Amino acid sequence: MIWLGRAILALVLLFLYAPIAVMVLMGFNASDLYALPFVPTLHWFSELAGNDRLIAASRNSVLVALVTAVVATALGTLAALALSRRSFRGKSLLRLLLLPPIAIPWLITGTAMLVFFYWTGIGRGLHAMILGHVALAIPYVVLVVGTGLASLRADLEEAAMSLGATPFGAFRSVTLPLLAPSLVAAALFAFAVSLDQFVVSYFLAAPGVTTLPVEIYTSIRKGFTPEINAVSTILLGASVALFLVFAGLTRIGGERERR
Amino acid sequence: MSAPSTPEGRRARPSIASPEGRRARPAIATAALLLPAYAWLLVAVFLPLGAMLFFSFLKTNPFGSKAPLVFTGAHYLAFVTRPYLVDVAITSLRLGFWTTGICAAIGLPTALAIARATRGRVRQTVFLLAILPFWTNGLVRIFSWTMLLRQGGILDDLVHLVLPGVGSVGLLYSFPAIVVGLVHAYLPYMILTCYLAVAGIDDALIDAARSLGARLPTVFATVILPLALPGLVSGSILIFVPVIGSFMEPRILGGRIGVTMGTVIEDQFTQAYNWPLGSALSFTMLGIVLAIFALFSSVLRGRLAP
Amino acid sequence: MTSGVAAMSTGSSNGAGRARDAIDDRGVAPWRRYAYNSTVMGDSVMSGSQWTRRDVARGLGFGVASAAAATWPGGARAAEAKSITVLNWQGYGTDLAAGVQHFKSATGIEVKHDYYNSEPEMLTKLRTNPGAYDVVLVNSARDAQAKADELIDPVDLGKLPNAAGLAPAFKTNPNIVIDGQTYGVPWVWGMNAIAVRTGKGFKVDSYAVFEEAAFAGRGALFDDAVTEIAVAALMLGQNINDPKDMKAIAARLKSFKRDVKLVWSSEDEWNKAFAAGAFDVSVFWSGAVTRAVNLHQQPVTFVVPKEGAVGWLDNFCIPATSTGKAAGLQFIDYMVSPQFYAEWAKSGAPASANAAAMAALPESDLNRQIHKPEYLDKLQFMGALPEDRRQAFNDLWEEVKAFYAQS
């Protein structure tokens, strides 16, 4: 059983990392058209060092993604608690309303935001991007945290309350620790949704203030060079480092319930 | 959408029986929990999409059209007036079902493997490794897939290294290529939601079933699957819904084959400049997706009901 | 060259004329009228035909949000007199580092950029960001539309020293001269025809190559309704801007199905697929072929077949809401200068509309070789399209693509 499980994991990780490996490899390949055979070079990394625009865009990307992850996880978790722990009228409708942000192609949502933000004076820029990204990430957070809540036993909280704990106290001391893995997972996904979100960012970026995905998207017409791979590789490396630090501090996906 | 609530309802039901008096003004508390998220969604998504819904009933683009504002429902008849769209929609649905199905078939065993074959640090690492690819740009990943999948590409080279003489396994510009790209893009959602659902399964439950003589497939069907259901359902929503509207994977990996509702809608915005038609198509698609989920959830509920 | 230019400019005069007739005679841009009529978006604030973003914001009670936006980084454009913002495709000349630097050191004006990925998006950005842009690059076929929506101002070519070198036929192109006024400064032009892989002995002299069994699965088309319909129209001897027999055009395009491997939508996608050997013949841009050869060393040549080619002309316009029109004109003047073109040509520019700039290129330059004067006789230029015809074009192309996708 254990070995079957590990074999499955190895295969899945191989599948997930195949294109990532290609991405990293091509950052070190000389051809600007990603043509083989592989000719190793550090050319694209040194090019990148002089590309202020791309570096600034990467910084903006990470900033927007961090804010999105924090805000969306907070708001989404509150909503998920209400949706899965409280009974009230109109619950199904509220659940249903989580679908449009996921279902309507981002291109349309992005255009709609552009027009609406223009009409209302919200305008474009990092603030508009954050506004849009958080909204797009909330449904993911609600679904992820909701799934986590569904597998948590509500009676523990009830027990705490019957022992005199206030609802908030019961939540903080019982539910929250058990929910932590879901929260972290939701935040990681919100971060990913934002980081990968090129369409909405593209419409909401102010002239001169762009994010990495926007840079990539706009350079499609002319052609993006392996500099993009180089910067992606660096970001990936930074993520891994962040993860290692993070993993040292918390126990993500670790034991959730004492067995 | 009510589907995820079913298993939760089963578990959370005891809480409803709790003394109401302990909850201070439950309605206000509920509203306070919901308000921030939904207010945010209202400003950033629902109102803008409301404007789009309004546009979808206009004859021509609200910006820059020459005719005065004319209302029409004609764009919602697009499937009648443009019969070729039926084929396109079927392609999109096929992509949705294939991608969701494969993600479920891979995601659930993976989640089980993480939950049962790993512990502590290893589990953390595997879990994070599964999400990490998501932190790279989607477009870059798709272009990497073109390199892997094309005839004479990296995959071809590797296969020929092991098995010289076999034909090309190049998939690029085909339906399976699009599915590969989409599965890759969405698999982590399924792994994650399934993991959250099955991580809490008690070992004792499985041991008990096995000690009663149940074989593995029986254990899977009677113990694991029902418990994993909320994860499978949320995962399917997170995958099926956006796949139907995806346009980058079909365009880049599909070549001539890559014509989907997503690309048709994209064209209405980027080429044809017909926002009304583009948004009408999106809302039609949203309707189809909701209908599929309604059907699915009623079937699911029928089977779960005792 | 001059006579050729004169000949091809007639090709688009019909379309432009028709579009001119269709322009709203009340002088109110339709999108403004829409807002005026709208009850959903707060009609009480719309008084008269002039309304601004700020009016709407105040009317909807978003004044606070608006003020907050201004304090955010990027929320409002900094009011520096010494900078202009250009709206263009990315990597299309204006953002060439050497050019931007040279312009700044010569004039002290900093050039910022915003990009678009499609022509409709360019128009949307102009409408939804009043005041944000000082120079915009427009395909001249869209000038009439932009002018009708009051997005661009007339330009006085006489104020631009370098405009003197512009080929006369470009200066008077009916796409650009609307109601007797000039709305754009011609910059670069090019052709859409066939790119053919060299070194394999292919002999291509007709678009019928896309129907040949020898090229089954070896062809690529440009994902652009106007271009592909023009290709079929050229094959059928019809006017590319106003084809009479759309059914025949659809049938002709559908007959390409066996050969079509890929419908590409960007130069980058084309380059990467071609470098990987995915196809041998393709509908492609003349300027992009010079880049594929000069910058990427690809074995490709450009063929203008016997049916002719589709011509296009890109020009610079001044957004009506620009706050730095004088600086914008200064930049445009530099952009059309032979000096800048010589710099840009090093990294693969399309053909310049400035005869002086083209003449300054060495005789052996691929750009000069590809953009041969004799081809000009075979060109039909993309002209302005009325909205319903543009929609019909897109519907037809969408249907053809769906047909290609069927297994």
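Me: Which residue follows α10(C), and what is its phi like?
Reply: Gly237(C) follows α10(C). Its phi is positive, near 70°. Keep in mind that this is a predicted model.

Me: And α10 itself, where does it sit in chain C?
Reply: Helix α10 of chain C covers residues 225-235. The helix is mostly covered, with 11 of its 11 residues buried.

Me: Which residues are buried in α10(C)?
Reply: Among them are Ala225(C), Val226(C), Ile229(C), Leu234(C) and Met235(C). Glu228(C) and Thr227(C) are buried as well.

Me: What do the buried residues of α10(C) pack against?
Reply: They pack against strands and helices of chain C. The strands are β7, β8 (219-222), β10 (281-285) and β12 (309-319). The helices are α11 (246-254) and α18 (387-405).

Me: Zooming out, how is chain C divided?
Reply: Into two domains. Domain 1 takes 59-189 + 313-368. Domain 2 takes 190-310 + 384-405. Their C-alpha centres lie 28 Å apart.

Me: How many residues does each domain of chain C give to the contact?
Reply: Domain 1 of chain C gives 13 residues, and domain 2 of chain C gives eight.

Me: Which elements give two or more residues on the domain 1 side?
Reply: Those are α8 (143-148), β7 (185-197) and α17 (366-370) of chain C.

Me: What classes of residue are on that side?
Reply: The side of domain 1 of chain C that touches domain 2 has eight nonpolar and five polar residues. It has no charged residues.

Me: New topic, chain B. How many helices and strands?
Reply: Chain B has 13 helices and zero strands.

Me: How is chain B divided into domains?
Reply: Domain 1 of chain B is 1-56, and domain 2 is 74-304. Taken over C-alpha atoms, 27 Å separate their centres.

Me: What share of chain B is buried?
Reply: Buried residues make up 52% of the 306 residues in chain B.

Me: What about contacts in chain B between residues 24 or more positions apart?
Reply: Such pairs account for 70% of the chain B contacts with a separation of 6 or more.

Me: Last one, chain A. Which residues does UniProt list as "transmembrane region"?
Reply: The unreviewed UniProt entry lists residues 62-84, 96-119, 125-152, 173-193 and 230-249 of chain A.

Me: How much helix is in residues 96-119 and 125-152 of chain A?
Reply: Residues 96-119 of chain A are 83% helix and 0% strand, with end C-alpha atoms 27 Å apart. Residues 125-152 of chain A are 89% helix and 0% strand, with end C-alpha atoms 40 Å apart.

Technical notes
Residues numbered from 1 in each chain as written. Chains lettered and ligands numbered in written order. Predicted model: local features only at pLDDT ≥ 70, side-chain atom pairs only at ≥ 80, totals over all residues. Domains from an automatic or database assignment. Contact = placed C-beta atoms within 7 Å. Helix = DSSP H or I, 4+ residues; strand = E, 2+ residues; numbered from the N terminus. Nonpolar A, V, L, I, M, F, W, Y, C, P; charged D, E, K, R; others polar. Buried ≥ 20, exposed ≤ 12 C-beta atoms within 10 Å, placed from the backbone. UniProt positions renumbered as here; feature names shortened; annotations may be inferred.
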